[in-house]
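Hi,

Here is the structure I promised to pass on.

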Amino acid sequence: MSSPTRSLLVIVLAAGEGTRMASSLPKVLHAIAGRSMIAHVLEAAKGADAAAVAVVIGPDHDRVAAEATRVLPGADVFVQADRRGTAHAVLAARAALARGYDDVVVMYGDTPLVSAETIATLRAPLAAGAAVAVLGFRAADPAGYGRLVTRDGALLAIREDKDASPEEKRIDFCNAGLMAFDGHAALALLESIGDANAKKEFYLTDAVELARASGREAMACEVAAEDVAGVNTRAQLAEAETVIQNRLRARAMAGGATLVAPETVFFSADTRLGRDVIVEPNVVFGPGVQVGDEVVIHSFSHLEGASLSRGVAIGPYTRLRPGAALGEGVRIGNFVEIKASELGAGVKVNHLSYVGDSSVGARTNIGAGSITCNYDGYGKHRTIIGTNAFIGTNTLMVAPVSIGDGAYIGTGSVITENVPADALAVARARQVNKPGWASRLRERFTARKAQKG
Ligand code: UD1
Ligand code: MG
C-alpha cells in the first residue's frame, strides 16, 4: 500500500473521441448506473485521496468540462488542441505536473470500472522506489492492446500492437492503460518521449523503456480485466453496466438489505440503503435515492431523487420522482406517483393517485384516485394539506390550494378553494333520486319497439 503521506495528482485523459458510440454525446458523458463515465473515474480519484485532479479534454468539449467541474469543482481542465498521442495529452496538463506531486496517476475517461483500491494497487510500486508503474491484465484476445514485456517480474517495455514483433504479439499480458509515475521525475520523462513509431504519436507507454534507460525501475501490477475494461461501443457500455450493477447489488446486501432477486434490481451509483430494507424483484433506483432502515419496496417500483424514512412501504408499482420526501411509516400503494412533495409521518396514499408540488401533514389519508392539479399549462402551483386530514376518493385539488388540519373532503370533490381546519368540504353536484323513473322509461321504450313491429 502506498503511504497516505505521499501527495497524488490524477490526470484523466478524455481528449480522444471514440466514434463507435454512434452518438452526438461525447463518449465519456454516457452514463452507467446513473452516473457519467467520467464522473465514475473522478469519484475513484476522489476516493484515492488525490490532492489534485486534472482533466484533459478535446477542443469543443465544453460539456465534458462542465461535467468534470460539477463532480469535482476543484478539478483543473486542460484542452489538448490536437490529438497527438497519450503522452502529448498528459503534457497538456503540464501546469499541474509542474506544481510537483509525489505520485502522478494517469487514468482514461472511458475506463469507468476502476476503483480507488485499484489506484492504490497501481501506486504501491512508486512508494517502493519505481519510477513507472502500469496495470496489466490477461486478455483472451490481446489484439489492439499494448503488450507488457517482462523478465523475472521486471517490466522492460510496453510494445504497442502496431509496433510489436510477431513474438511480442503472442504475449497476453496487456497494458490496461492506467499508469503511475514518480511525480518528481514525470515531467522530464514525458518530455523525452518522441513519436518515432507506427502511429507517429507520442506514446505514454514509451516512458517504461526511457525510465529503465536512465537506471530507474518499472513495474507491472496484474489486476482483473473486469476492473480496467474500456468502453468504446454501446455493447461495452452495457457490459460495464452489468459489472457495476453486480457490485452495487453486492454492496447493498453486505449493508443489510434483502434483495429477493438481485439480478432484477437496478441501482444508481449513489443509491443509499439503510439496514433491513427489503427490495422485491424488478425495482429501479434512479439517481439521488436515500432509503432509511426497515423500508419495504414492493415489485415494479421506480424511484428517483427521493428520500424514504424508516419503516416506509411503497408499491407494487409506485413511482417516486425527484423531491419526493416520505416521512416515517408512510404507505404508498399501487399506481401512485409522488413528485416534489413532503409527506409527514404515517401518511397513506394507497391507490391510483398523483401528489405533486405538495406538502401533506402527518397521518393524513389520501383516498384512491385523488389528484393534485398542479399545472395550469404555464406554471406549477402548490397544494398544502394539513395533518390528520381525510381526502375522499377521487378528489381533485386545484392548486394553489390549502386544506387545513383535520379537514374532511367528500368523495369526488373538485377543490378550488381553501378548506379550513376540521371543516367538511363537498364540491360536487348533489344527488337526485327519482322513484320509479327507470321502470317507467323501460315500459315506454318496450311499447314503442312493439308498435314498430
Ligand atoms: C492505449 C495504450 C495501450 C493500452 C490501451 C488500453 C498508449 C500509447 N497505448 O492504447 O498500451 O493497451 O490504451 O486501452 O498509451 N487520448 C487523448 N489524447 C490523445 C490520445 C489519446 O486524450 O492524443 C486519450 C483517449 O481519450 C483515451 C486514452 O487516451 O482515453 C487512450 O487512447 P487510445 O487512442 O484509445 O489508446 P489505445 O490505442 O487504445
Ligand atoms: Mg483505446
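By salt bridge I mean a side-chain nitrogen of Lys or Arg within 4 Å of a carboxyl oxygen of Asp or Glu. Searching the whole structure turns up 20 salt bridges.

Some housekeeping: this is a predicted model, with local features needing pLDDT of at least 70 and side-chain atom pairs counting only at pLDDT 80 or more, while totals for chains, interfaces and linings use all residues. Residues are numbered from 1 along each chain as its sequence is written, chains are lettered from A and ligands numbered from 1 in the order in which they are written, and side-chain values use heavy atoms, with hydrogens and water left out.

On the overall picture, the protein chain has 10 helices and 38 strands. Its radius of gyration is 31 Å, well over the 22 Å from the globule rule for 453 residues, so the chain is more spread out than a compact globule. (That radius is taken over C-alpha atoms, and the rule is 2.2 Å times the number of residues to the power 0.38.) Along the principal axes, the C-alpha atoms fill a box of roughly 110 × 60 × 40 Å.

Now the domains. The assignment (automatic or from a database) gives domain 1 (8–228) and domain 2 (234–425). The contact between them, meaning heavy atoms within 4.5 Å, takes 15 residues from domain 1 and 14 residues from domain 2. Their C-alpha centres lie 43 Å apart.

How much area do domain 1 and domain 2 bury between them? About 1,200 Å², 61% of it on carbon and sulfur atoms; this is the accessible area (1.4 Å probe) that the two parts lose on being put together, summed over both. In domain 1, Ile 32, Ala 33 and Leu 113 lose the most area to domain 2, together 45% of what that side buries.

Finally, the rule finds one salt bridge across the interface of domain 1 and domain 2. Elsewhere in my notes I also have Arg 247 and Asp 227, whose side chains meet in a salt bridge (3.2 Å, N to O).

Cheers

Note on methods. Helix = DSSP H or I, 4+ residues; strand = E, 2+ residues; numbered from the N terminus.
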